[in-house]
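Take a first look at the chain below. We will start with its charged pairs, then turn to its backbone.

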Amino acid sequence: MSEKMSCSAAKSLALFLWCICATSSFGTNVTEPLMVPLTILPASAASKGAVCLDGTLPAYHLHRGNGSGINSWLIHLEGGGWCYTMNDCIFRKTTRRGSSKYMEKQLPFTGILSEKANENPAFFNWNRVKIRYCDGASFKGHGQNETAGTYFRGQQIWLAVIDELMSKGMKDADQALLSGCSAGGLASILHCDEFRGVFPTKTRVKCLSDAGLFLDATDVSGGHTLRNLFKGAVQLQDVAKNLPESCTSHLDPTSCFFPQNLVAEVKAPLFLLNAAYDTWQVRSSLAPSTADHDGSWKLCKNNHSQCNPSQVEFLQDFRTQMLDVTSKVQMSSQNGLFINSCFVHCQSELQDTWFADDSPRIGNKKIAEAVGDWFFDRERVEATDCAYPCDKTCHHLYFK
């Protein structure tokens, strides 16, 4: 997954990712992270329909704020892909992505979740929560398949966890930020206005999507791999019931699962943090093995330096499509952008990309600084990088 593979003995993905950060040449100032225990929702959540794919109770990790952050809340939605077929979802039930039985009992809080001011200057002393992802439809599923004993309850999970956090003090928040990475980044867009709606108008409420800008793009064979996958998830989990009516009134439900058709309609302030050459989208949407019939993209998608000129041109076109979408976000002065020209996926959770000595920058601004300036209205943030290969601050991902 990265240049550093020596951390493969780590017992969880979260610890593996932290280990990559701590042992890489980029993470020289990283210290041992705070480990935050898992909290399972009370049994009453099940009576509201809030259960994981296998019927177990959902969960989250909470580290309390202090000092000036005592009434500030950061809610971070975990990512982890989607399940597109019943077989996918049945398998997912045997993992932490579909059952709280398999979730880590502790998670490291790094990057945007860190409790250290020198690692997370804007949010270090806030109440910080990571909501675990166990439904497979970006917290938007609805219904169940009784024959397979599989529950699609993403929307109920979202509501139950938010209710639980409100009862634990979030109702008194002066300010709140909803964030998420990957499938959680998509969820932060999908749930942004709902999140805004649970607070009084006087509360400062904003949303951050990290690596959630999934595009309905044409793949290398001329097909639409991601559209077909999203269609499977949307239909299987009856997601249409929970999508914004402002979109479904004129587009099909699958189209309304794509952020490009949603971001312009989000009323709450929204910040898009994304790599212009998002590695998940390059590998799984643009050039998956099902579309790359002759394997000509294998080297390129594993290591961008191996891309030939025509492949680079294809990727540059993808970047152009992304910038076309972000232009819709720029139309509102309340929104923010940080689109860097890196080959990476998710940059807010790892310390080395969020805020470290040599973190990625656009101009002189690191990601954590850009998000902080935007959240606190210190300045308007519309940071869009020049095209690859101009950015020398990237922390690229390489695959084997």
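This is a predicted model: local features need pLDDT of at least 70, side-chain atom pairs count only at pLDDT 80 or more; totals for chains, interfaces and linings use all residues.

This structure holds 18 salt bridges.

Start with Glu104 and Arg132. These two form a salt bridge, and their closest N and O atoms are 2.6 Å apart. The pair links distant parts of the chain, 28 residues apart. Glu104 sits in the loop between α3 (86-92) and β4 (106-109). Arg132 sits in the loop between β5 and β6. Are the two partners buried or exposed? Both Glu104 and Arg132 are buried.

Next, find Asp216. Its salt-bridge partner is Arg227, with the closest N and O atoms 2.9 Å apart. Asp216 lies in the loop between β9 (204-210) and α7 (225-236), while Arg227 belongs to helix α7, so this bridge ties together parts that are eleven residues apart in sequence. Arg227 has a relative accessibility of 22%, so it counts as partly exposed. The cut-off matters here: buried means under 20%.

Now move along to Asp373 and Lys365. Their side chains meet in a salt bridge, at 2.7 Å from N to O. Lys365 comes out at 21%, so it counts as partly exposed. Some bridges also share partners, and in this way Glu78, Arg96, Arg97, Glu104 and Arg132 join into one network.

Leave the side chains and look at the backbone. Most residues other than glycine have a negative phi, and most peptide bonds are trans.

Phe139 has a positive phi, near 60 degrees, though it is not a glycine. You will find Phe139 in the loop between β5 (127-131) and β6 (144-145). Its relative accessible area is 0%, so Phe139 is buried.

Cys346 also has a positive phi, in this case near 80 degrees. Where is Cys346? Look in the loop between β11 (336-340) and α12 (351-354). Cys346 has 13% relative accessibility, so it counts as buried.

Finish with a peptide bond. Tyr388 and Pro389 are joined by a cis bond, with omega about 15 degrees. Pro389 is placed in the segment after β14 (382-384).

Definitions and conventions. Residues are numbered from 1 along each chain as its sequence is written. Side-chain values use heavy atoms; hydrogens and water are left out. Helices (H or I, at least four residues) and strands (E, at least two) are DSSP runs, numbered from the N terminus. Buried means under 20% relative accessible area, exposed over 50%, partly exposed in between (1.4 Å probe, protein chains only). A salt bridge is a side-chain nitrogen of Lys or Arg within 4 Å of a carboxyl oxygen of Asp or Glu.
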